[in-house]
Amino acid sequence: MGGEGNTITYGVFGTIAVGAVVVDRTIPKASCIEIDVRRVLGFGGEQDAVSTPIPCPLGSKAELLYKAIKSNQPNTPEARGAIVQNAMLAAEEQLVGKLNVKDADTLVIRDGALRYESPTSTLGYIKTMHKQYLSENYAALMWKLLPGQRTPIFHIKDRSQYSWYLKSGDSQYSPQQLGYHDLHGIVRLELSSKIDIETAKEIANQTCYLIPYYASHPSRDPRAPQNLAPVSALERELGRRMGDAILIKRRLQCFLASFGGNE
């Protein structure tokens, strides 16, 4: 944050990265594509930002260019996280538009909930249950699921989506052996209800095999088995390309300190 006179303005230097993993099951081979790393700068309270290059010390010609973005966030501490989050969502939507997958045999899985404008062929993959969509009687089914099993499809009317819960993790993985409860490994999937229900059932049945097949293992990922192994690999590659967070923070601190103002 910074300020002028007695006024405090909340802003953020942020780095976002998006990308996709293409898995060719006929080889098999996975590769990261369409990786896009962006550095953004924005302020709350309708304060305009200016694109700012952060020079590298020791005479290097390298620099970190933070591009200014418009923000309609109020001037509060929460604006900082919201600015970065909104920029990331916008980058994700642009990525979805670039992919434009038309192959009927290709299943597109988005890590996270679907946006309203997402293509009908895209599957939303939600690892954390923030909201309960099933009544108590139907929710009891989730406690009985084994890895690779799912609940029946249900309709989320206010979002025009089909959805179902699935137990991730392969048949060799037992949550109880690690002291987890029976709901550990439950994920929820979303699909546009604009497609016919029979096609939705086929896709839902595919996920019963594919999700456990690509589920991560606790020995490699603390978010296992919910976090998919290809997604975990993409996250590592995105993190590598974003740069070392500690070094970038130091460069920002030195840059801001050079003005003798508030950080």
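**Salt bridges and the surroundings of Ser 192**

A salt bridge joins the side chains of Arg 159 and Glu 190, with an N to O distance of 3.0 Å; the term denotes a side-chain nitrogen of Lys or Arg within 4 Å of a carboxyl oxygen of Asp or Glu. The pair connects distant parts of the chain, 31 residues apart: Arg 159 lies in the loop between strand E9 (154–156) and strand E10 (161–167), whereas Glu 190 belongs to strand E11. Helices (H or I, at least four residues) and strands (E, at least two) are DSSP runs, numbered from the N terminus. Arg 159 and Glu 190 are both buried, where buried means under 20% relative accessible area, exposed over 50%, and partly exposed in between (1.4 Å probe, protein chains only). The model is a predicted one, in which local features need pLDDT of at least 70 and side-chain atom pairs count only at pLDDT 80 or more, while totals for chains, interfaces and linings use all residues. Residues are numbered from 1 along each chain as its sequence is written, and side-chain values use heavy atoms, with hydrogens and water left out.

By the salt-bridge rule, the count comes to 12. Another of these pairs is formed by the side chains of Arg 110 and Glu 93, at 2.7 Å from N to O. This pair, too, links distant parts of the chain, with Arg 110 in strand E7 (residues 108–111) and Glu 93 in helix H1 (residues 78–99), 17 residues apart. Arg 110 and Glu 93 are buried. Both residues also take part in a network of salt bridges with Glu 92.

A further salt bridge is found between Glu 198 and Lys 201, whose closest N and O atoms are 3.6 Å apart. Because Glu 198 and Lys 201 are 3 residues apart in helix H3 (residues 197–214), about one helical turn separates them. Glu 198 is partly exposed, with a relative accessible area of 47%, and Lys 201 is likewise partly exposed, at 36% relative accessibility.

Strand E11 (residues 186–192) also contains Ser 192. With a relative accessible area of 9%, Ser 192 is buried. Its side chain reaches the backbone nitrogen of Lys 194 at 3.1 Å, a polar contact being a pair of N or O atoms within 3.5 Å; within protein, one must be able to donate a hydrogen and the other to accept it, and residues adjacent in sequence count only if both atoms are side-chain atoms. Leaving aside residues up to four places away in sequence, Ser 192 touches Leu 114, Thr 120, Ser 160 and Tyr 162, contact meaning heavy atoms within 4.5 Å.
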